[in-house]
Amino acid sequence: MGKLNVNLCGIELDNPVIPASGTFGFGYEFAELYDINCLGTFSFKGTTRDARFGNPTPRIAECTSGLINAVGLQNPGVERVIAEELPKLKACFHKPVMANVSGFSVEDYAYTCQLLDKEDQVGWLEVNVSCPNVHGGGMSFGTQPEAAAEVTRAVKAVTTKPVIIKLSPNVTDIVAIAKACEEAGADGISLINTMLGMRINLNTRKPVIANTMGGFSGPAIFPVAVRMVYQVAHAVNIPVIGIGGVSSAEDVIEMMLAGATAVEVGAANLVNPYACRDIVNDLPRVMEQYKIESLSDIIGGVK
C-alpha cells in the first residue's frame, strides 16, 4: 500500500484527511459512529472568547451541489470548551487536534488562542480571519492584508504551537493576504472558507435564511478552491491546507497536486457522516490507480 502520511507544520499525520471546523462538532459525536482515529486529525467547532448563541433560524438553505449556512459561530465559549468539551474529546481521539478560533477583535483572537495553546490535545491553532472586525466597521479581518497580518502577529506573540490562518475567498487578491500572513509569522494557511451566497423563497419573496446571506459550501465551490489553493501554494513557503467542496479521494489528490499538504472536508460530512472515513479508506485504491507511491511526493505536483 502507498504511503499516506504527510507532515503538517512539523506534526506527522497518518493521512491528509481532516474534517473541517463546523462540520464535525468536537469529534465525540462522530466517534459514536466510527473510530475517528482513522483521520489525520480534525478541526473542532469554531471557538470564540465568549459563548455565542448564533444567528436566528432558519440558518440553512439547500442549493444545487451545495448549501448556504449562517449558523453564526454558536459555541459555549473557550473556557467551557476547555473545561467540558476537550475532556470528552480526549476520551475518543488520541491524536493532536486542530483548534479553530474566531474573534471580533485582535484581543479576542489573542486571548482565545493563548488559552487553547496550553492544552495538550491541541496540536495546531487554525485562526479564522473571516470574522467581522468590530473595531474596524464590521469588515472582515481576512479582506485586508494589514488586518490579517495584525491578527497573525498578535496570536504568534502569545502561542508556541503552529498557527494556521484560515482565509476567506471573498476577496480580490487572496495571494496578497496569504503572503502578508506568512510575513507576519503564520506557520500555515488554510483555504478556502465559504463563499458568500443567498437564496430567495419564491412564495414569500423573502430570503430563505434569516440572516439574508450566508456561507456557500459544497461541491459547487471545488474548482474555485482548487484555483485559490494553487495560487497561494505557489506564492508562499509555508504549508497550505486545501478546503472547499472536497467529497472524494480523487478530490484530495487534486487538491494536493494543486499544492495542499493536507485537505479538509466540510459539507460532505453533513450529507454523509461517514464521508471522511470513506475517503481515507479509498485513498489507497486511488493512489494505485494513478500510480502514486507516496502522497507527500505529489504536493504541488502541478506547476
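Cysteine 181 counts as buried, because its relative accessibility is 0%, where buried means under 20% relative accessible area, exposed means over 50%, and partly exposed lies in between, for a 1.4 Å probe and protein chains only. The closest cysteine sulfur to that of cysteine 181 belongs to cysteine 113 and lies 13 Å away, which is too far for a bond. A search of the whole structure accordingly reports 0 disulfides, a disulfide being a pair of cysteine sulfur atoms within 2.5 Å. Cysteine 63 also counts as buried, since its relative accessibility is 18%.

All of this concerns a predicted model, in which local features need pLDDT of at least 70 and side-chain atom pairs count only at pLDDT 80 or more, while totals for chains, interfaces and linings use all residues. Residues are numbered from 1 along each chain as its sequence is written, and side-chain values use heavy atoms, with hydrogens and water left out.

Seen as a whole, the protein chain holds 9 helices and 15 strands; these are DSSP runs numbered from the N terminus, helices being H or I over at least four residues and strands being E over at least two. For 303 residues, a compact globule would have a radius of gyration near 19 Å, and the 18 Å of the protein chain agrees with that; the radius is taken over C-alpha atoms, and the globule rule is 2.2 Å times the number of residues to the power 0.38. The C-alpha trace spans about 50 × 50 × 40 Å along its principal axes. Of the 303 residues, 56% count as buried, and the accessible surface comes to about 13000 Å², with 51% of it belonging to carbon and sulfur atoms; such areas come from the Shrake-Rupley method with a 1.4 Å probe, and for residues only the protein chains shown count as cover. Among contacts between residues at least 6 apart in sequence, 71% join residues at least 24 apart, a contact meaning heavy atoms within 4.5 Å.

We turn next to the strands. An open sheet is formed by 7 strands in the order E3-E15-E14-E9-E8-E7-E6, with parallel pairing, where two strands pair if DSSP finds at least two bridges between them. Strand E3 (17–19) and strand E6 (97–101) stand at the edges, and because each has a single partner strand, one side of each is left without a neighbour in the sheet. On average, neighbouring strands of this sheet are turned by 25° against each other, direction ignored, with axes that are lines fitted to C-alpha atoms. Within the sheet, strand E8 (residues 163–166) and strand E9 (residues 188–191) pair in the parallel sense over 3 bridges, and isoleucine 165 has isoleucine 189 in E9 as its bridge partner.

A helix provides another point of orientation. Alanine 110 has its place in helix H3 (residues 106–117) and is buried, with a relative accessible area of 13%. Not counting residues up to four places away in sequence, alanine 110 touches Ala154, Val155 and Val158. Alanine 110 and threonine 152 are 42 residues apart in sequence, and their C-alpha atoms are 9.1 Å apart in space.

Most residues other than glycine have a negative phi, and most peptide bonds are trans. The peptide bond from threonine 57 to proline 58, however, is cis, with omega near 0°, and proline 58 sits in the loop between helix H1 (28–31) and strand E4 (60–63). The bond from leucine 191 to isoleucine 192 is cis as well, with omega near 10°, and isoleucine 192 belongs to the loop between E9 and strand E10 (195–197). Arginine 205, although it is not a glycine, has a positive phi of about 55°; this arginine lies in the loop between strand E11 (200–201) and strand E12 (206–207) and is exposed, with a relative accessible area of 74%.

How values were computed: Axes fitted to C-alpha atoms, helices over the stretch in contact; angles between N-to-C directions.
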